Amino acid sequence: MSPARHHQARRRTAIVASSLALGLGLAACASGETDSGSGSAPAEPSKDITIAIHSGWDEGIAVSHLFKAILEDEGYTVRTETADPGIVYTGMAGGDFDVNFDMWLPLTHADYLEKFGDDLEDLGYWYDDAKLTVAVNEDAPVDSLADLAANADLFDNRIVGIESGAGLTRITQDEAIPTYGLDDMDFVISSTPAMLAELKSKTDAGENVAVTLWRPHWAYDAFPVKDLEDPEGAMGDAEKIHSVARTGFTADHPDVASWISALTLSDEQLFSLENIMFNENEGSDNDASVREWLEANPTFVDDLKAAANG
């Protein structure tokens with residue numbers, strides 16, 4: 001999860017909300033067109049599906065476009081809508097969106113689950129190691145946050161962070177630093193791009209570096225990094241990323257629901273997909289990036305369907 005995403009998404013919420021209102025109005029008009037004739041043949045099941053995506057959440061963007069490609073190859077017409085999580089779950093509970101691939105549980109999106117859970121179908125989790133971390137270069141001489149203070153000089157007495165409003169920044173400041181006695185290190189609050197630039201610069205030069213990071217993120221595929229162990233649990237427990245759908249989705253689309261429920265992505269698969277999308281192609285064409293990844297993973301779709309049928 002990009003912990004800066006909530007901050008980024010809020011700036012776009014007003015724009016997204018007005019666009020969404022227009023879209024929902026059109027959807028409502030369309031939904032009012034029903035066949036009132038008697039004795040007519042049952043309507044063909046709809047092959048239109050709307051995927052709702054949390055704005056700025058890279059893993060959700062990646063998996064949403066991955067499933068968009070899979071469904072389009074099966075003859076579905078897929079529309080994506082990007083919005084703040086609150087708008088996403090409100091729209092899903094109201095039946096305006098079909099599926100979302102990015103509900104973090106049991107903590108991050110617990111409030112949304114409590115509020116809208118009766119109007120959602122949980123289709124299971126596809127990733128089970130979503131967490132906040134402090135990461136260092138892979139060959140760094142420390143493996144745990146408990147060892148960082150004693151070796152601070154090897155890292156120029158710096159931990160490079162991201163945006164000031166990010167949850168990751170708050171947890172690092174309020175929990176990890178006091179827990180592990182890192183108060184004498186300079187915690188540099190910067191931005192996600194600045195942190196990634198520092199990570200690239202230092203690893204390219206073969207130098208030690210400590211940064212705040214989170215899983216899943218494409219940096220794990222792009223750079224030689226490792227997470228520091230967190231024996232005191234100061235950074236919080238790992239979460240699972242669930243796919244959720246509007247009520248009635250499984251009845252309307254049983255095959256699609258079974259494919260979604262069978263979805264799992266390893267670190268290697270997810271990080272490589274995100275790396276192509278957001279690093280190599282800089283987010284310029286997510287659908288083309290997915291096609292590139294599928295070409296490099298030719299058995300993925302067949303394996304997914306086999307798991308759904310197994």
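Me: Where is Glu282 found?
Reply: Glu282 is in the loop between H10 and helix H11 (286–296). Helices (H or I, at least four residues) and strands (E, at least two) are DSSP runs, numbered from the N terminus.

Me: And what is phi at Glu282?
Reply: Phi is near 55° there, a positive value in a residue other than glycine. Asn157 also has a positive phi, about 55°, and is not a glycine. Asn157 sits in the loop between strand E4 (120–137) and strand E5 (158–160). With a relative accessible area of 34%, Asn157 is partly exposed.

Me: Before I go on, what are the ground rules for this model?
Reply: It is a predicted model: local features need pLDDT of at least 70, side-chain atom pairs count only at pLDDT 80 or more, and totals for chains, interfaces and linings use all residues. Residues are numbered from 1 along each chain as its sequence is written, and side-chain values use heavy atoms, with hydrogens and water left out.

Me: What does the protein average in pLDDT?
Reply: The average is 88, and 86% of the residues score at least 70. pLDDT is the predictor's confidence in each residue, from 0 to 100. Over residues 3–38 the pLDDT is below 50. That stretch still has 33 contacts in the model beyond near neighbours in sequence. Contact means heavy atoms within 4.5 Å.

Me: Overall make-up, then. How many helices and strands?
Reply: Twelve helices and nine strands. Of the 310 residues, 47% are buried. Among contacts with a separation of 6 or more, 80% join residues 24 or more positions apart.

Me: Helix packing next. How do the axes of H2 and H10 cross?
Reply: For H2 (residues 58–73) and H10 (residues 267–280), the axes come within 10 Å and cross at roughly 95°. The axes are lines fitted to C-alpha atoms, for helices over the stretch in contact, and angles run from 0 to 180 degrees between N-to-C directions. H2 and H10 are therefore roughly perpendicular. Under 35 degrees counts as roughly parallel, over 145 as roughly antiparallel, 65 to 115 as roughly perpendicular and the rest as oblique.

Me: Which residues meet there?
Reply: From H2, Asp58, Glu59, Ile61, Ala62, Val63, His65 and Leu66. From H10, Leu270, Leu273, Glu274, Met277 and Phe278. By class, this contact has eight nonpolar, one polar and three charged residues. Nonpolar covers Ala, Val, Leu, Ile, Met, Phe, Trp, Tyr, Cys and Pro; charged covers Asp, Glu, Lys and Arg; the others, Gly among them, are polar.

Me: And H2 with H12, how do those axes cross?
Reply: H12 is residues 300–309; the two axes come within 12 Å and cross at roughly 85°. H2 and H12 are therefore roughly perpendicular to each other. Leu66, Phe67 and Ile70 in H2 meet Phe300, Val301 and Leu304 in H12. That contact has six nonpolar residues, no polar and no charged ones.

Me: Core time. Which residues touch the most other members in the largest nonpolar core?
Reply: Phe67, Phe101, Trp126, Leu148 and Leu263, out of 80 residues. A nonpolar core is a set of buried Ala, Val, Leu, Ile, Met, Phe, Trp, Tyr and Cys residues joined through side-chain atoms within 4.5 Å. Another core, of twelve residues, lies apart from it and includes Ala52, Ile87, Tyr89 and Met103.

Me: What is Trp126 in contact with?
Reply: Leaving aside neighbours within four places in sequence, its contacts include Glu59, Val63, Phe101, Leu263 and Leu270.

Me: Switching to Glu239: buried or exposed?
Reply: Buried, at 6% relative accessibility. Glu239 lies in strand E9 (residues 239–246). Beyond four places in sequence, Glu239 contacts Leu105, Pro106, Tyr127 and Asp128, among others.

Me: Pro106, you say. What is the peptide bond from Leu105 to Pro106?
Reply: That bond is cis, with omega near 20°. Pro106 is in the loop between strand E3 (99–105) and helix H4 (110–116). The bond from Arg215 to Pro216 is cis too, with omega near 0°.

Methods: Buried means under 20% relative accessible area, exposed over 50%, partly exposed in between (1.4 Å probe, protein chains only).
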